[in-house]
Amino acid sequence: MVQSIAVVGLGYVGLPLALAFHHEGHSLIGIDLDRRKLDSIRRGKSYLPDIEDELLSKAVNSGRFDVTEHFASIAHVDVIVICVPTPLNKQHTPDLSYLIRAGTAIAEYVRQGHIIVLESSTYPGTTSEILRPMFEEKGLMVGEDYYLGYSPERIDPGNGDHPFRTVPKIVSGVTEACVRRVSQVYERVFDQVVPVSSTEAAELAKLLENSYRFINISFINEFAILCDRMNVDVWEVIAAAGTKPYGFSAFYPGPGIGGHCIPVDPLYLQWKAKEIGMSSIFIEASTDLNGRMPSHIVKQVQDCLPGASLEGARILVVGVAYKKNINDVRESAAVEILQLLAEQRSRISYYDPFVPSLALNGLELRSVELTEQILENTDCVILATEHSKLPIPFILDHAPLVYDTRNLTKGLNGKAKVVRFGGGGRHYNNGA
Ligand SMILES: NC(=O)c1ccc[n+]([C@@H]2O[C@H](COP(=O)([O-])OP(=O)(O)OC[C@H]3O[C@@H](n4cnc5c(N)ncnc54)[C@H](O)[C@@H]3O)[C@@H](O)[C@H]2O)c1
């Protein structure tokens, strides 16, 4: 059945989801408080690398895709999907202020028959304990008058290997009637819908997925540091272990885990664990290790520099997004590396084809062009993010020293002295 759907929050999650619903014939209203985003959508200009302007323009011109900052239009839709941020506050505990604000605004217009789904990542209990009372205060009974569920978002921005609809979609509801309604909403957009028995199970599934990545990447970073100390190349060790056809999943080292999800969601779980008198030692250890990664990388770079001094050293960081092929710099380790270098009075610059400018300590840095001259005039280039189209051979031909946190230089020849994180402390000039 074709429905009208409101997507609240048009960011990395909400905009692609809104377009996917629209593609299947639904009428869409996108609601966001950020006027620049709304203007950009109206002009058919995408602010997400994964979404092409043409796709956006087509949707906007179809007559079935409107955007607004006003929630009143919610009264006329069948389904409301919430995709607002769920960050951490200064105490590193859940900040649900965006969700509460959105929920309060939706509650003004909630009515009989509405299906409301939360997609934001959050701790177990949020849907039933935070959102449900907001709507029931309006005199509506969940599962009878309106339907409420949770469906974790699994989008992986920048990763074109898994088309949106092919990634199984976990769905849940506060009651059985709710999960049935929520499943029907998503069945049109996803090849496989995976119902679970409670919203808490669905909320926890998301936290499990992301905590699993967080803990494993943190462990491989610690393992890489160990390998460096033992003069063994971690990349070779991972490749060797990866030949085991079962029981081993490879994770790869890097300068630290960033983004709005992987370093954040485990702390939502940790917060909930503490609320019930427990604590995850894995999350605690991984958070600690991850927090130390940027300074570890900076220290490694310092040790490679002539005179082992960062002061005045001309350091170019290549890639500042927190992961490849996207423009998102939230919690990015590369940004923290730049900050630490600035504190040490290094002369910093950066290159990132996805991030034209970057606010750092009140300054606005602009991505430099990678020219021979710029590379020759550096003391060190740090390869921080593995965007697909980086000109690594060109960098190796012109920079005097490259510190490679991602094994991007493997097998490549060049004039630069190269040091790889986890490379066993071995320097090489001719590829490896
Ligand atoms: N980015 C990812 O890769 C990803 C993947 C899976 C899950 N998630 C989760 O999805 C949620 C959204 O993440 P995102 O990356 O899309 O965030 P985002 O910051 O890119 O987008 C959120 C949007 O919500 C808008 N917004 C904030 N408060 C609002 C309100 N009260 N009403 C209407 N709009 C409001 C913001 O202006 C912004 O445009 C988070 O919980 C995140 O953890 C993100």
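A residue is called buried under 20% relative accessible area, exposed over 50%, and partly exposed in between (1.4 Å probe, protein chains only). By that scale valine 232 is partly exposed, because its relative accessible area is 33%. This is a predicted model, in which local features need pLDDT of at least 70, side-chain atom pairs count only at pLDDT 80 or more, and totals for chains, interfaces and linings use all residues. Residues are numbered from 1 along each chain as its sequence is written, and side-chain values use heavy atoms, leaving out hydrogens and water.

- Helices (H or I, at least four residues) and strands (E, at least two) are DSSP runs, numbered from the N terminus.
- Eight strands form an open sheet with mixed pairing, in the order 3-2-1-4-5-6-7-8; two strands pair if DSSP finds at least two bridges between them.
- Strand 3 (65-68) and strand 8 (193-195) are the edge strands, each pairing on one side only.
- Strand 1 (residues 4-8) runs parallel to strand 4 (residues 79-82), and four bridges join the pair.
- Isoleucine 5 has valine 79 in strand 4 as its bridge partner.

**Strands 9 and 10**
- Strand 9 (residues 314-318) is largely enclosed by the rest of the structure, because four of its five residues are buried.
- Strand 9 pairs with strand 10 (residues 347-351) in the parallel sense over five bridges.
- Valine 318 stands opposite tyrosine 351 in strand 10.

- Valine 232 lies in the loop between helix 7 (199-229) and helix 8 (234-241).
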